[in-house]
Amino acid sequence: MSRAAPRPLRLALAGFGNVGRTFAELLPGPYGRALRAEGAAPVVTAIFTNRHGAAIDPRGLPLRRALRLVRAGGSLDALHRGPPVASALDLVRRAPADVLVELTPLAPTTGEPAISLARAALGRGLHVVTANKGPVAHARARLARLAARNGVRFLHEGAVLDGTPVFNLVERCLPGARILGFRGLLNSTTTRVLAGMEAGASFEAALADAQRAGVAEADPRHDLEGWDAAVKACALANALMGADVRPAAVERRGITGLGPEDVRAARGRGAVLRLVARARRDGRAVRVSVGPEEVADGDVLVSRGADGVLVLETDLMREIGIWEGAGGVDQTAYAILSDLVAIARGRRRR
Ligand SMILES: NC(=O)C1=CN([C@@H]2O[C@H](COP(=O)(O)OP(=O)(O)OC[C@H]3O[C@@H](n4cnc5c(N)ncnc54)[C@H](OP(=O)(O)O)[C@@H]3O)[C@@H](O)[C@H]2O)C=CC1
Ligand SMILES: N[C@@H](CC=O)C(=O)O
């Protein structure tokens, strides 16, 4: 039996930073192969950046050239066809695309500009895939309803624990189970800073390592002050526990005041310091907190030197945990691929 030729899957990228560029590097190779196996031929038709210009080309942009230009500090404008792009919203409104891949920086207290970009895309019938936890924590239910009204998907597997399946795990593999609470290490940067100090580095050197690896936020205070973990915890609580919590309401402490002496003191007590996110049901409400805790050696949160861990407490399956080994930005780029595969499979079924 002959297979039908893959149908184009046109992608508009809002944000071409650590994650967007890694995704673009892998798209011509393994990611493209995975999508074509699902009947979709990916083509990037639009890219927006803040400081490196923007480009739209309905025939498909030359990705290798786009990567070279941005890495050399040049502008994508050189690849653009048509009237100039005035803003990210302008690009989303007119990109010849099937999917908006939203990868703009985190804005912990508002979720913007990601929410407006997602709304504009869904409103004109584009699927939206994002690794940005802001729109998930602040507006997931609204965006999912808008997507459903327009017959498209709002997918966000990369918003928590990178490409490790968390939302998909609960939605697809734990039918009927109620999530009663969770605890986890949701922020890689703080895990790396604390682990780095355990290994003898200074706070600043350990943070610089996380920045070089591309895992710190554009503004690393969002990691260090616990905002990133708080936004992720809200995204989980709202999506998995039916809560309606906003990051500003999270009881939040970061790791900015901690130094090598605190890490050593914890070690002396047979524990390691980690930034732990927690959620638990409290009557009809869900309480969410983020703060540094001494975690005993051997606890599942720290037993294997993970970058990220999530332990879910459920009614029907008791505790279930998922673990992400130390890695890089490719783990987040993989989340984009897995959401695109879900979209490609959906198109095939229609
Ligand atoms: N890095 C990681 O390991 C992970 C990141 N994430 C999330 O993925 C998203 C992208 O992360 P990452 O690639 O590391 O971020 P970067 O800061 O590396 O890249 C952000 C991109 O967005 C562009 N940009 C900046 N401000 C705006 C704006 N106001 N409107 C439109 N575009 C803008 C930047 O432009 P310019 O290139 O000109 O600076 C850049 O291209 C974030 O929301 C982050 O929280 C999630 C999981 C892991
Ligand atoms: N800055 C974040 C990146 C992923 O969301 C982190 O350190 O975990």
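**Exercise 1. Work out where ligand 1 lies relative to domain 1 and domain 2 in this predicted model**.

Solution. 
Step 1. Domain 1 covers 7-162 + 330-349, and domain 2 covers 176-324.
Step 2. Check which domains supply the shell around ligand 1. Both give residues to it.

**Exercise 2. Describe the shell around ligand 1: which residues come nearest, and how do they divide by type?**

Solution. 
Step 1. Take the 28 residues around ligand 1. Gly-15, Gly-17, Asn-50, Arg-51 and Asn-132 come nearest.
Step 2. Sort the shell by type. It holds 13 nonpolar, twelve polar and three charged residues.
Step 3. Find the top contributor. Helix H1, residues 18-36, gives the most, with three residues.
Step 4. An unreviewed UniProt entry places "domain: Aspartate/homoserine dehydrogenase NAD-binding" at residues 15-157.
Step 5. Describe that stretch. Residues 15-157 are 43% helix and 15% strand, and the end C-alpha atoms are 17 Å apart.

**Exercise 3. Trace how strand S9 pairs with S7 and with S10**.

Solution. 
Step 1. Locate S7 at residues 179-185 and S9 at residues 271-282. Four bridges join them, and they run antiparallel.
Step 2. Pick out a bridge. Gly-181 has Arg-280 of S9 as its partner.
Step 3. Move to S10, residues 285-296. Twelve bridges join S10 to S9, again antiparallel.
Step 4. Arg-281 is partnered by Val-286 in S10.
Step 5. Look at the turn. S9 and S10 form a hairpin with two residues between them. Gly-283 in this turn has a positive phi of about 65°.

Conventions: Residues numbered from 1 in each chain as written. Chains lettered and ligands numbered in written order. Predicted model: local features only at pLDDT ≥ 70, side-chain atom pairs only at ≥ 80, totals over all residues. UniProt positions renumbered as here; feature names shortened; annotations may be inferred. Near = placed C-beta within 6 Å. Nonpolar A, V, L, I, M, F, W, Y, C, P; charged D, E, K, R; others polar. Domains from an automatic or database assignment. Pairing = 2+ DSSP bridges.
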